[in-house]
Every structure is written in C-alpha cells, then in structure tokens.
Amino acid sequence: MKLEHILSLWNVSQQSVYNWLNEFVRERWESLRYEKAPGRPPRLTKTQKRQLAAWIEAGPEACGYECGCWSSVLIQDLIDQKFHVLYNRFYVCELLRNLGFSYQKARFVSDHLDAEARQRWMESEFPGILRQAKQLRASLFFGDEASFARWGSLSYTWGRRGRQPQVPTTGIRKGYKVFGAIEFFSGCLIYQGTEQRFHSDSYQSFLRYLLSQVAGPIILIQDGARYHTSKATREFFEQHKERLTVYQLPSYSPDYNPIEYLWKKVKTKATHNRYFAEFVLLVKSVKRALKVLATQSVEILHLMGVYTKHLADPSVA
C-alpha cells in the first residue's frame, strides 16, 4: 500500500506514519496496544450535572457523609464516588458556580414553621385585612420591638489585611428597648423607647402612645410574643376595640413582619462596630438613627416587600 493511500485513508500526517513505524520496529506488537489518552477526564453529562445538583441540595448527610456542610473537597469526592470522574477541587468550585450554586452561610429556620399557614396568610388572610383597611379607611401597622445592647453589634467592614478590626466591649448586660410600628400605606414610623423589660404593661403603654399619635381606626399586625397575647393585653384590646383591631402573624414567621428589616437598618446605623462607654451614648445613637428613619417614608415603604403585590390586585380595592 502506497504512503499516499495510507495518509488519505487514515487522515493523518506523514510524520505520524513514520512515528508508528519507528515504534513498531522498537516494540513490535506491544506498540499496537491501546492506551488511554492523557488529559482531563471526560466532563459530566447534562443528566449527571442535574443529579449532582439534586444531591447538593439534599445535603451531605443525605449522601452518606457525617457532616452538614459541603466543601469543594467533599463534592470532589462525591463526583469521584458517583461518576468515577476526578476533578481538581478548584475546578469543582467553577463547576458549582456554573450550576447556580454559591458558597454562603446557612441560616436557622424553625422546625415548627407551618408552610400551609404561611401560604394561607399571604394568599388569603392578608388580602382580607387589606380590604378591611381600605373599607374602614384605617391605618395598617406592622408592630414589633427590638433590644439594642450596650456592647454593640458586630458587622462586616473594610480593614487592613491581617489586622482584624477590633471593637471594645463591656460585660454590662444592659440594653435599650424600643417598641415600633410602621404603616403600610404611608411608611409612617411610630416608636417609643424604654429601659424596662418587654412585658404586658410596657407594651400597652406603647399601644396607648400609638393610639394618641394616629387619628381614626387602626389595624395592627403583630407576632405571637407572650406579652402580645397575655390576658392583660387581650383585655386592653377589648377596651379599645372601637379603634384598634389586631391580627396575628403566622407562628415563627419574622420574615413576614417588615419592621424586622427596619431594626436591622437601625443597628447598621446605630450600633454596628461601635462601643458605648456609657448607656446614655447608646440611647442617643439609637434615637438618632430612628429619628432619621422616621423622615424616610419611601425607604420604609420599600421594606413592605412581597406585601406590595396585593396593592395591584383588583380584588382588594
């Protein structure tokens, strides 16, 4: 067989044919043994990637690992065990990003959370409350309270590499307490600070203040804190039922109370990475942050989040 015919038949270069001949002369039939081509192992198929994503979402324990956190090394081992493909762990990170994953901190979610109750609240109960507020021309408030510790709070900040920012602290366990309520339609913020503990009396004191600051009927949405639902507080609601109507959020659902996000803003402005040598300095800082936020009704309205979608619903008009 002529060389030209071999080159055409196998679609190879002339040098490749010469290399084969040289190897055959040196190693005879051993040179014809098939060897696995070097280089990166074959990539995962689309089906395998979908399966990998499902395993990652299920968590390490569901995949037989005795831990609760995925690492790139652990996922590298998972891919090797399940698909017999060994990736560099740095490529595993790139693969995960391409699959829509990111390295992030977990958060606690109550195991008592009632998904059906939460769905019913958002799809049925709140739209009904909204209709009632519009019909009565009532103010619709989300209420809650927060405690601001004298030892401040820690948060992320820029600092010199290798020199972690340090914030002085104190062992004095004292905090400034604030009751607050934000109005759904206007973004109005009503608040009252106290050095007392949170209890039925201090909560009723705030409710009296709220009633004195707002004209007309008020609808208040609150969580299930003990002093919100105590016998004394229920009696207070009964005494003021002509102006004050109260509804309970679903249990273990702080994310459904927009004022929770306002407290985060207050801490960012007033206490993050700050030390208060005297209690009065803490009080001044918190009051200053609240005073500024009280003038920013548009920013407060942005906290209403998923609730605002009901404003465009003709059924609640």
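**Briefing: pocket, strands, cysteines and backbone**

The largest pocket has a lining of 18 residues, and I56, W70, S102, Y103 and Q104 are the ones nearest its centre. Helix 3 (46–58), helix 4 (72–83) and helix 5 (89–98) are the elements that each give two or more residues to that lining. The model is predicted. It holds zero disulfides.

**Largest pocket**

- The space in the largest pocket comes to about 600 Å³.
- Helix 5 is the top contributor to the lining of the largest pocket, giving three residues.
- Sorted by class, the lining of the largest pocket has 10 nonpolar residues, five polar ones and three charged ones.

**Strands 4 and 5**

- Strand 4 (residues 218–222) and strand 5 (residues 244–248) run parallel.
- Five bridges join strand 4 to strand 5.
- L220 has V246, in strand 5, as its bridge partner.
- A right-handed β-α-β unit is made by strand 4, helix 8 (residues 231–239) and strand 5.
- In a regular strand, side chains alternate between the two faces of the sheet.

**Cysteines**

- No disulfides are present in the structure.
- The closest cysteine sulfur to that of C67 is in C69, at 6.6 Å. A disulfide needs the two sulfur atoms within 2.5 Å, so the C67 sulfur is too far from that of C69 for a bond.
- C67 is partly exposed, because its relative accessibility is 30%.
- C63 has a relative accessibility of 18%, so C63 counts as buried. The cut-off for buried is under 20%.

- H84 is not a glycine, yet its phi is positive, at about 60 degrees.
- H84 sits in the loop between helix 4 and helix 5.
- The relative accessible area of H84 is 66%, so H84 is exposed. The cut-off for exposed is over 50%.
- N273 is another residue other than glycine with a positive phi, near 55 degrees.
- The loop between helix 9 (259–270) and helix 10 (279–294) holds N273.
- N273 has 29% relative accessibility and therefore counts as partly exposed.

- E125 belongs to helix 6 (residues 115–136).
- With a relative accessibility of 34%, E125 counts as partly exposed.
- Along the chain, E125 and L249 are 124 residues apart. Their C-alpha atoms are separated by 9.7 Å.

Note on methods
Residues are numbered from 1 along each chain as its sequence is written. This is a predicted model: local features need pLDDT of at least 70, side-chain atom pairs count only at pLDDT 80 or more; totals for chains, interfaces and linings use all residues. Side-chain values use heavy atoms; hydrogens and water are left out. Buried means under 20% relative accessible area, exposed over 50%, partly exposed in between (1.4 Å probe, protein chains only). Two strands pair if DSSP finds at least two bridges between them. Helices (H or I, at least four residues) and strands (E, at least two) are DSSP runs, numbered from the N terminus. A crossover is right-handed if, with the strands pointing away from the viewer, the path from the first strand over the helix to the second runs clockwise. On a 1 Å grid over the protein atoms alone, a cavity is a set of points where a 1.4 Å probe fits but cannot get out, and a pocket is an open set with protein on both sides within 12 Å along at least five of seven lines; lining residues have an atom within 4 Å of a point. Grid points are joined across faces, edges and corners, and a volume is the space filled by probe spheres set on the points. Ala, Val, Leu, Ile, Met, Phe, Trp, Tyr, Cys and Pro count as nonpolar, Asp, Glu, Lys and Arg as charged, and the others, Gly among them, as polar.
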